[in-house]
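Student: Could we go through this model together? I would like to begin with the overall picture and then turn to the backbone.

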Amino acid sequence: MDELKELLPYLKLWSTYLDIAIVAYIIYKFMQLIKETRAEQLVKGIIILLVVTKLSDVMQLHTIYWLLKNAMTVGAIAIIIIFQPELRRALEHIGRGKFFTKNELQVEELETMLDEIIQAVSELSKNRTGAIIALEQETGLNEYIETGVRIDGIISSGLLINIFEPNTPLHDGAVIIRKNRIAAAGCFLPLTESQNLSKQIGTRHRAALGLTEISDSLVVIVSEETGVISFAREGKLSRYLDTKSLREILKNHYIKVESKKQPVWTKWGVKNE
């Protein structure tokens with residue numbers, strides 16, 4: 001008992017350190033999550049308001065303090081409504097833990113799927129046919145699948161090429177792939193709200209970025225104007241890819257590789273924008 005009593009102060013000290021470390025990690029991940037989003041500016045505004053509210057209390061500016069205090073109470077409800085997409089994104093990130101992972105594709109299924117997608121992208125790029133192909137990962141895309149035409153068909157290069165054929169009903173929308181099947185085509189995706197993009201980035205690329213900002217999807221884009229192949233993930237766009245590097249990038253995200261291997265999209269030196 002005496003030894004336990006002697007250890008108690010140390011245990012309390014270490015529990016305090018652990019508590020601080022956990023809170024610091026949560027704050028760090030939260031800042032990473034809201035970086036370059038509308039929520040980042042919101043957090044800055046809230047911090048300024050908190051400082052001003054505290055100063056008005058210390059300086060005994062009672063009217064200003066009362067107004068700010070009540071405004072922040074009402075503002076908390078408004079924040080939940082206005083920033084619902086960011087809150088949903090945060091919850092989706094939490095839900096991507098190992099306990100919620102989906103069944104992975106078999107090697108043969110993956111190889112076949114990649115062969116068909118790469119063959120289609122190669123042909124679309126050669127003919128300068130615009131295309132956007134979204135591959136669903138852990139975050140479900142049902143709400144976007146419902147905006148298009150359900151197909152639930154086996155992936156084939158011919159089908160993908162025909163879907164994006166100009167002057168056809170499904171040409172302008174996105175194809176969404178779930179596991180190794182085409183779930184739907186002609187789907188509408190959310191546009192990115194980033195203000196730091198080049199004016200040369202068109203609607204397809206903005207839609208790809210928009211989807212990857214709110215989900216963990218992988219998106220392949222073919223430019224209608226230039227035939228350039230691009231890849232989007234986690235709100236980042238990699239352009240000017242060839243079919244070989246695109247295949248390696250996609251394969252790298254489906255197959256677990258040894259941690260010591262060099263990441264594929266660093267290896268290929270693709271340009272991030």
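Predicted model: local features only at pLDDT ≥ 70, side-chain atom pairs only at ≥ 80, totals over all residues.

Student: What about the surface: how much of the accessible area belongs to carbon and sulfur atoms?

Tutor: Those atoms hold 59% of an accessible surface of about 17500 Å².

Student: Turning to contacts between residues at least 6 apart in sequence, what percentage join residues at least 24 apart?

Tutor: For the protein, that figure is 62%.

Student: Now the backbone. What is phi of E234?

Tutor: Phi of E234 is near 55°, which is a positive value in a residue other than glycine.

Student: Where is E234 placed?

Tutor: E234 lies in the loop between β6 (229-233) and β7 (236-241).

Student: Why does E234 count as exposed?

Tutor: E234 counts as exposed because its relative accessible area is 52%, and the cut-off for exposed is over 50%.

Student: What about Y240: what is its phi, and where is it placed?

Tutor: Phi of Y240 is near 60°, again positive in a residue other than glycine. Y240 belongs to strand β7.

Student: Why is Y240 classed as partly exposed?

Tutor: The relative accessibility of Y240 is 48%, so Y240 counts as partly exposed; that class lies between the cut-offs of 20% and 50%.

Conventions:
Residues numbered from 1 in each chain as written. Heavy atoms only, no water. Contact = heavy atoms within 4.5 Å. Areas by Shrake-Rupley, 256 points an atom, 1.4 Å probe, with all protein chains shown as cover. Helix = DSSP H or I, 4+ residues; strand = E, 2+ residues; numbered from the N terminus. Buried < 20%, exposed > 50% of the residue type's maximum accessible area, 1.4 Å probe, protein only.
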